[in-house]
Amino acid sequence: MRLLTHNMLSSNIKGVANGFPLKIEVVKVVEKEVDFNIDFLKNMFHKVEWKALAEASTTMGYAELPEDVDAAMLDSDDFLHKFHHALLELHLEEGALVCPETGRKFPVNKGIPNMLLHEDEV
Amino acid sequence: MWYLCVFYHRLLDYRKPEVESLADLFSKDLTDLQCNGSLEWKFPKHHHPDSPFHFVNLPSEEIARSVANRSILVKGIFELWGEGSNFEELEESIKSCPDEKKLPYLTSDSTFKITVETFGKVISFEEQTERIRSLSYIPFKGRVNLKNPCHTFWLIETDDYDSNNGLPPIAGKRIFLGREIGTADRKLLPTYQLKSRTYLGPTAMDAEMAFLMANQAQARSGKLVYDPFVGTGSILVAAAHYGAVTMGADIDIRVVRDGRGPDCNVWSNFKQYGLPMPIGLLRADNNLPPWRSGLKEVFDAIICDPPYGVRAGGRKSGGRKLLKGVIGPYTVPDDKRTGHIPSTAPYSLVECVHDLLDLAAKMLVMGGRLVYFYPVLREDESIDTTFPEHPCFKLVAISEQLLSYRYSRVLLTMVKIGPYTEEIALAARIKHLEFKENHLKWLEEGNLHSAVFSPADNHLNGSGDTKITKDSKARYRGKYV
């Protein structure tokens with residue numbers, strides 16, 4: 001699971017008001033190289049919740065992202081590469097996503113988060 | 001500018017929408033105009049709409065070439081130099097074609113080639129040579145190069161057959177001579193064909209259809225494409241081929257996570273072709289998508305083949321809980337929560353499509369496209385023409401593919417034209433609860449499987465007898481090709 005996916009997900013258990021961002025429990029992180037695509041990054045920049053991304057990136061062991069950002073930073077090559085690396089190349093292979101409200105764990109195995117709810121959480 | 005557009009004679013309903021979608025995609029690059037509109041089309045004299053020959057008005061030669069090169073069903077797009085019902089008329093027509101159109105392509109420093117193409121008949125190599133020689137009235141100055149010519153000219157003819165033999169009824173013979181602008185790259189179809197793909201499921205999308213879907217969705221570099229019923233990833237493979245970043249979800253974790261081993265899973269299907277892997281794969285339920293509440297307008301396109309219960313049925317979460325009255329309120333004991341495998345409930349087609357449209361309305365960017373298959377029961381040769389509607393979307397293409405005597409599927413292309421407002425979101429939530437409350441009722445109403453597979457009554461009683469005595473003459477098969 002890339003951090004782009006993490007940034008889009010929340011806990012949708014019935015009754016949970018604020019299921020975002022999910023906390024990451026790391027068992028194994030791998031780095032997978034992805035082609036650098038400026039258009040895609042610029043496209044995604046405005047859609048990402050930055051704080052959640054920066055925190056998740058730190059949890060995954062990559063603390064290079066700035067705390068605050070603005071669109072002007074998209075002109076910096078250095079920034080784009082860091083953003084690219086955090087968003088697309090850090091990969092949670094084994095671990096879990098934890099609901100911030102209930103503590104329910106959504107397991108991540110072989111890189112696939114299992115977001116399916118139990119019968120009584122629907 | 002008008003061009004002669006010659007199609008492959010297959011998937012007839014898909015041909016024009018593909019050209020329109022691609023023309024829209026490439027026009028946006030050059031003009032910033034988001035037309036989404038249809039193109040102007042004309043038929044040659046006396047031709048049937050199913051004929052492979054069409055005239056199409058495209059903004060420029062550059063766009064025509066891009067459209068042809070990326071299309072799957074266009075055999076070629078040509079600049080017409082002449083046409084006629086016989087070779088005398090053709091000669092007349094070519095001679096009257098203005099010189100400023102022809103001479104730049106006939107210069108002595110260029111190379112050329114003439115291709116003879118026929119539709120509905122076969123001609124021998126000698127006849128082909130003879131026809132090429134008969135074009136000597138065109139002042140070709142350049143040298144012939146069959147392997148890598150600067151310019152290719154096509155002499156295309158149809159015959160005036162009267163037994164249709166599976167071909168569309170054409171009233172008269174027509175001959176065209178045109179300069180090639182571009183042709184389709186059908187070589188990618190054998191590369192991606194399903195029989196050589198490692199990981200397949202029962203409903204893996206045929207490669208040709210997957211590419212047509214990706215073209216309807218205008219998948220390209222820098223765009224994010226999502227498939228909520230990803231399965232073995234067969235649709236996303238086509239989108240990734242065109243450079244799109246892909247993401248997929250499925251409710252069946254065995255399919256997305258495990259596959260059939262380390263080198264036989266969704267990832268390996270991308271690796272096999274050297275394509276970039278999906279950026280995200282997850283297990284999620286289309287009925288209760290796990291997206292964060294503020295997230296909207298992220299995907300550029302959503303492409304999918306929803307489960308309609310004929311070959312594979314849809315499932316949604318909440319299994320035992322929805323069976324009220326049969327089993328009491330269902331709770332998972334605390335000590336069994338880890339590793340618990342939740343039961344799922346059947347998911348009716350109506351609810352599935354409702355959820356899909358709601359998801360697409362929220363998650364697509366403005367101008368983004370939703371491309372999906374919708375099943376149709378055919379009764380008396382006519383198809384039910386009401387398709388799902390949504391205030392955020394405009395339906396731009398409807399392409400039918402016949403699957404059996406009583407059942408066909410229609411590829412729908414919808415473009416997002418309106419924002420996802422509070423009212424629309426509220427209406428969708430109310431509908432969602434209604435589906436949940438009346439779970440069993442919707443299941444019965446949306447049951448396509450029994451309608452498709454139950455025996456046809458009219459074949460068993462007397463009135464059906466007339467249908468059994470079929471005439472042995474080959475008939476035009478129309479959409480079956």
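Lys416(B) is buried, at a relative accessible area of 2%, where buried means under 20% relative accessible area, exposed over 50% and partly exposed in between (1.4 Å probe, protein chains only). The model is predicted, so local features need pLDDT of at least 70 and side-chain atom pairs count only at pLDDT 80 or more, while totals for chains, interfaces and linings use all residues. Residues are numbered from 1 along each chain as its sequence is written, chains are lettered from A and ligands numbered from 1 in the order in which they are written, and side-chain values use heavy atoms, with hydrogens and water left out. Helices (H or I, at least four residues) and strands (E, at least two) are DSSP runs, numbered from the N terminus.

**Salt bridges within chain B**

- Lys416(B) takes part in a salt bridge with Glu297(B), with 3.5 Å between the closest N and O atoms; a salt bridge is a side-chain nitrogen of Lys or Arg within 4 Å of a carboxyl oxygen of Asp or Glu.
- This pair links distant parts of the chain, 119 residues apart: Lys416(B) belongs to strand β18 (residues 407–416) of chain B, and Glu297(B) to the loop between β11 and β12 of chain B.
- Glu297(B) counts as partly exposed, at 26% relative accessibility.
- A second salt bridge is formed by Lys121(B) and Glu157(B), whose closest N and O atoms are 3.0 Å apart.
- Because Lys121(B) sits in the loop between β5 and α5 (125–133) of chain B and Glu157(B) in strand β7 of chain B, the pair ties together parts that are 36 residues apart in sequence.
- Lys121(B) is partly exposed at 21% relative accessibility, whereas Glu157(B) is buried at 1%.
- Lys121(B) and Glu157(B) also belong to a network of salt bridges that links them with Glu127(B), Arg131(B) and Lys173(B).
- Over all chains, the count by this rule is 27 salt bridges.

**Where chain B meets chain A**

- The contact (heavy atoms within 4.5 Å) involves 34 residues from chain A and 43 residues from chain B.
- About 3400 Å² is buried between the two chains, and carbon and sulfur atoms give 60% of this area; buried area is the accessible area (1.4 Å probe) that two parts lose on being put together, summed over both.
- Three salt bridges are counted between chain B and chain A.
- Asp258(B) and Lys110(A) form a salt bridge, with the closest N and O atoms 3.2 Å apart.
- Glu121(A) and Arg337(B) also meet through their side chains in a salt bridge (3.5 Å, N to O).
- Glu121(A) lies in the segment after β4 (112–113) of chain A and Arg337(B) in the loop between α11 and β14 (344–347) of chain B, so this pair joins two chains.
- Glu121(A) counts as buried at 6% relative accessibility, and Arg337(B) as partly exposed at 24%.
- On the side of chain B that touches chain A, at least two residues come from each of β10 (245–250), α9 (253–258), β11 (280–283), β12 (299–304) and α11 (319–322) of chain B.

**Helix α2 of chain A**

- Helix α2 (residues 38–45) of chain A has as its buried residues Phe40(A), Leu41(A), Asn43(A), Met44(A) and Phe45(A).
- Their cover includes α1 (3–8), α3 (50–59) and α4 (77–89) of chain A, together with β9 (224–227), β10 and β12 of chain B.
- The N-terminal end of α2(A) is capped by Asn37(A), a side-chain oxygen of which lies 3.1 Å from the backbone nitrogen of Asp39(A).

**An open sheet in chain B**

- Eight strands of chain B make up an open sheet with mixed pairing, in the order β2-β3-β1-β4-β8-β7-β5-β6; two strands pair if DSSP finds at least two bridges between them.
- β2 (41–42) and β6 (143–144) of chain B stand at the edges with a single partner strand each, so one side of each is left without a neighbour in the sheet.
- Strands β5 (residues 111–119) and β7 (residues 151–158) of chain B run parallel and are joined by eight bridges.
- Ile114(B) has Phe153(B) as its bridge partner in β7(B).

**Phe78(B)**

- Phe78(B) is part of strand β4 (residues 74–84) of chain B and counts as buried at 1% relative accessibility.
- Tyr3(B) is 75 residues from Phe78(B) in sequence, yet 5.7 Å from it in space, C-alpha to C-alpha.
- With neighbours within four places in sequence left aside, the contacts of Phe78(B) include Tyr3(B), Trp154(B), Ile156(B) and Ile181(B).

Key
A polar contact is a pair of N or O atoms within 3.5 Å; within protein, one must be able to donate a hydrogen and the other to accept it, and residues adjacent in sequence count only if both atoms are side-chain atoms.
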